[in-house]
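Student: Could we go through this structure together, beginning with the overall layout and then moving to single residues?

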Amino acid sequence: MLSREALFLLNNLLFMSILVVCFWGVIFPLVSELFTGQKVTVGPPFYERATSPLFASLMFLMGVAPLSAWGHSTVQTLGRAMWKSALAALIVTGVLFFTYTRNAIA
């Protein structure tokens with residue numbers, strides 16, 4: 001489950017999930033109006049709530065998948081490959097937070 005192939009497959013499944021959610025957001029008002037006769041709108045809040053977790057997990061996997069080994073990988077080998085990148089990301093985030101901005105959301 002931690003091999004590069006499996007993680008790339010999971011990336012593709014997440015892309016397909018985002019596609020299905022966006023397709024449903026476009027088609028639902030048409031189908032709803034067809035069956036009920038009432039006009040329904042799907043706005044940005046729907047897309048933000050529905051795709052945010054998918055995009056967050058996709059971004060995580062896009063960072064982790066290239067670090068995993070072909071064929072098979074364990075938690076230990078993945079951890080050894082990731083710790084330098086994770087530490088650098090935390091340091092850069094901390095430096096930018098304390099020198100550039102104080103807004104946690106930004």
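Student: What should I know about the model before we start?

Tutor: This is a predicted model, in which local features need pLDDT of at least 70 and side-chain atom pairs count only at pLDDT 80 or more, whereas totals for chains, interfaces and linings use all residues. Residues are numbered from 1 along each chain as its sequence is written, and side-chain values use heavy atoms, with hydrogens and water left out.

Student: How many helices and strands does the protein have?

Tutor: There are three helices and zero strands, and the order from the N terminus is α-α-α. Helices (H or I, at least four residues) and strands (E, at least two) are DSSP runs, numbered from the N terminus.

Student: What is the radius of gyration, and what would a compact globule have?

Tutor: The protein has 20 Å, whereas a compact globule of 106 residues would be near 13 Å. The radius is taken over C-alpha atoms, and the globule rule is 2.2 Å times the number of residues to the power 0.38. The C-alpha trace spans about 60 × 45 × 15 Å along its principal axes.

Student: What share of the residues is buried?

Tutor: Buried residues account for 18% of the 106. Buried means under 20% relative accessible area, exposed over 50%, and partly exposed in between (1.4 Å probe, protein chains only).

Student: Turning to the helices, how far does α1 reach?

Tutor: Helix α1, residues 4-36, reaches 47 Å from its first C-alpha to its last, close to the 48 Å expected for its 33 residues. The expected span is 1.5 Å times one less than the number of residues.

Student: Where does α1 bend?

Tutor: It bends by about 35° at Ile-27, and Pro-29 follows within four residues. The bend at a residue is the angle between axes fitted to the seven residues ending there and the seven starting there.

Student: What do the buried residues of α1 pack against?

Tutor: They pack against α2, residues 44-64. Among the buried residues of α1 are Leu-7, Leu-14, Ile-18 and Val-21. On the α2 side, Ser-52 lies in that helix and is partly exposed, because its relative accessible area is 39%. The C-alpha atoms of Ser-52 and Ile-18 are separated by 9.5 Å, although the two are 34 residues apart along the chain.

Student: Is Gly-37 buried or exposed?

Tutor: Gly-37 is exposed, because its relative accessible area is 59%. Gly-37 sits in the loop between α1 and α2, and its phi is positive, near 85°. Its C-alpha atom is 53 Å from that of Gly-71, 34 residues apart along the chain.

Student: Why is Ser-3 classed as it is?

Tutor: Ser-3 counts as buried because its relative accessible area is 10%. Ser-3 belongs to the segment before α1.

Student: Which residues does Ser-3 touch?

Tutor: Leaving aside neighbours within four places in sequence, Ser-3 is in contact (heavy atoms within 4.5 Å) with Ser-68, Ala-69, Gly-71, His-72 and Ser-73. A polar contact of 3.3 Å also joins the side chains of Ser-3 and Glu-5. A polar contact is a pair of N or O atoms within 3.5 Å; within protein, one must be able to donate a hydrogen and the other to accept it, and residues adjacent in sequence count only if both atoms are side-chain atoms.
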